[in-house]
Amino acid sequence: MISRKARLEFLALLILAGLGLAFRHPGFLLLSIPLVWHFTLGLSLMPRNPRESLLVQREVWPRRISEGERVQVTVEVKNIGKQKVSLFVRDGPYPRFPVSEGTSWALGTLKPGESLTIAYKSQPLRGLHRLHAVAAEVRDPLGLALEELEFPCLQEVLVLPRYENLSRLELAARRTLPMPGTARARRGGIGLEFFGVREYRPGDEGRRLAWKAYARRGEPVVVEYEQERAADVAVILDVRARAYRGAPPELFDHAVRAAAALAHYHLRQGHRVGLLKYGAVLAWLFPGYGRRHGEKILRELAQAELGESEVFAELAHLPTRLLPTGSLLLFVSPLLFGDEETLGKLVARGYRVLVVLPDPASLTFGRLEKTWEAEVARQVLTLERWALLRRTQRSGVAVVVWDVRRPLAGLVRKLRVATHIWR
Amino acid sequence: MALILAWIVPLVAWLGHGYPLSPAWGSVLLAPILWTAGLVRGRRLLLPFGFLSFVALAASCTVGGRLLLGLALLGLSLLAWDCADFFRLPASARALAVRRQAFLWSGFVTGTGIALAIGASFLHLVVNFWALVGGMILVWMLFWLLLREITKAHGGETSGNRSVSEPIK
């Protein structure tokens, strides 16, 4: 492609030549000779077929990291042609993939066989980052011709959400599955917690005999423990952009981290965990167990983005068919007015519901100057939110208001029954 | 470098004319002022005007019978024009080498161009009327082609299925 510089030079050359011919003045024609020479020689210095002369390779390591970790990117451009090539190479910029060390561009002249390396480190934000083509601008030394090239080297870097390890969350599902887990099944059997005593039946283990009760009653009785079983848990992440409006953008990242922590905790406890991203589209990851399923959940959460949808603007369209009755629903959302009704209906239908509410005020007001207006705004918002939370809590939903600057583990540890708003 | 060269051009023109003190010579400062504003204030659109002003200054010297001075001014203008282009490349160790190489190329190309022009000035050619007309037509055709190229680059022509977002009436 001919550059703007070359066009202007050509225009000057034409004007001079035109004036020389029109006025039959040799001086103008002689003046146009250096311009003609500069123009033609400059263009002739441009390498032919630079795309075929260059070989670009990109290496990214590691390709799966957690938030806060760094990725090393190395791009090597090699001149495999027979001509010298002057070029400017640039990798990116990619959104949410900032360069933290080094530069993502390089400039140089490559003789045949020579190579140019760009090395930089990035601390990418959560998400699936697709590093597309490496861009190169090949130019002649005088800048009259330039060719913009793109060398596709598609690579993906997955940045998983960083999450806390929750140590205890005693809120359990109302129904359990016939598989061993940690949810109390309210049935006697094998477990750790004492459940009661009953009369001896043939086949009961001798060591479970309650000797003192046997002596008192005169008939053999055995001790029963509460069975611990797995339960269905659904982590619902609110991805409605409307719910996060006005809050700092990182609030959503905190919500994702909370969802990851809850899912990871319940998987560790042996429960069957599903993930629903509700808001933009309906993204449902079927419930499953184990570490592999945990990885699937993390991948889904890594790619979670806010979105808008007319259909899923209200929580009323939550697809309850996907969620087995009696399961534990962990809803991570800043909540909108009107959501409390739907949550109450879910409780009425037999679900156990916990809302983890990343508090937008904790982020917003922490950054504002302490003025009288800010204080009034904070109080008004707190009152509004408090009213919403009271209504939510009255319908039997457990609510955890999470100041995202503090650990979530401390809040959920003290959560037992849905009678208080924990903050 | 581009700035220094830009201020040398009017100085050389002034010295070449025997450093006259007429206030009209103040107008030759317009070109380096445009150039300086373009480079320092980051308004690169001013640079082409500066360059064309330099070419006009060189042409006016030639019309006045000072061909060598005109060629010298044109040579300096071309050097400044090249420098303004490659000195905006991002700074790095490699960029220095690229700049040095580009400067050498620019000096070589401009120098040989000037030498060619001086050599050509010793030639005595007789151009008849029809060659002149043919030359004019060729120049205007090239001008038209240039205009077409510029229009294309700015998306003057479109093709294929395109949808334009505008309010529904």
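**Notebook: chains A and B**

I started with Ala145(A), which is partly exposed, with 19 other C-beta atoms within 10 Å. The scale I used calls a residue buried at 20 or more other C-beta atoms within 10 Å of its own, exposed at 12 or fewer, and partly exposed in between, with C-beta atoms placed from the backbone.

The model is predicted: local features need pLDDT of at least 70 and side-chain atom pairs count only at pLDDT 80 or more, while totals for chains, interfaces and linings use all residues. Residues are numbered from 1 along each chain as its sequence is written, and chains are lettered from A and ligands numbered from 1 in the order in which they are written.

**Ala145(A), continued.** I placed Ala145(A) in the loop between β8 (127–139) and β9 (146–160) of chain A. Helices (H or I, at least four residues) and strands (E, at least two) are DSSP runs, numbered from the N terminus. Leaving out residues up to four places away in sequence, I listed what Ala145(A) touches: Met1(A), Ile2(A), Ser3(A), Ala6(A), Leu43(A), Met46(A), Arg139(A) and Asp140(A). Contact here requires C-beta atoms, placed from the backbone, within 7 Å.

**Core.** I looked up the largest nonpolar core, which has 136 residues. Such a core is a set of buried Ala, Val, Leu, Ile, Met, Phe, Trp, Tyr and Cys residues joined through C-beta atoms within 7 Å. Val235(A), Ala259(A), Leu330(A) and Val355(A) touch the most other members. Helix α5 (residues 250–268) of chain A gives the largest share, twelve residues. Beyond four places in sequence, Val235(A) contacts Ala259(A), Leu262(A), Ala263(A), Val273(A), Leu275(A) and Leu330(A).

**Chain B.** I counted six helices and zero strands in chain B. Of its 169 residues, 28% are buried.

I then checked α1 (residues 2–16) against α2 (residues 30–40) of chain B: their axes come within 9 Å and cross at roughly 170°. The axes are lines fitted to C-alpha atoms, for helices over the stretch in contact, and angles run from 0 to 180 degrees between N-to-C directions. The crossing therefore makes α1(B) roughly antiparallel to α2(B), a label for angles over 145 degrees. Among the residues making this contact are Trp7(B) of α1(B) and Trp35(B) of α2(B).

**Interface.** I found 46 residues of chain B in contact with 32 residues of chain A. On the chain B side, α5(B) gives the most, with 17 residues. By class, that side has 31 nonpolar, eleven polar and four charged residues. Ala, Val, Leu, Ile, Met, Phe, Trp, Tyr, Cys and Pro count as nonpolar, Asp, Glu, Lys and Arg as charged, and the others, Gly among them, as polar.

Note on methods. Contact = placed C-beta atoms within 7 Å. Parallel < 35°, antiparallel > 145°, perpendicular 65-115°, else oblique.
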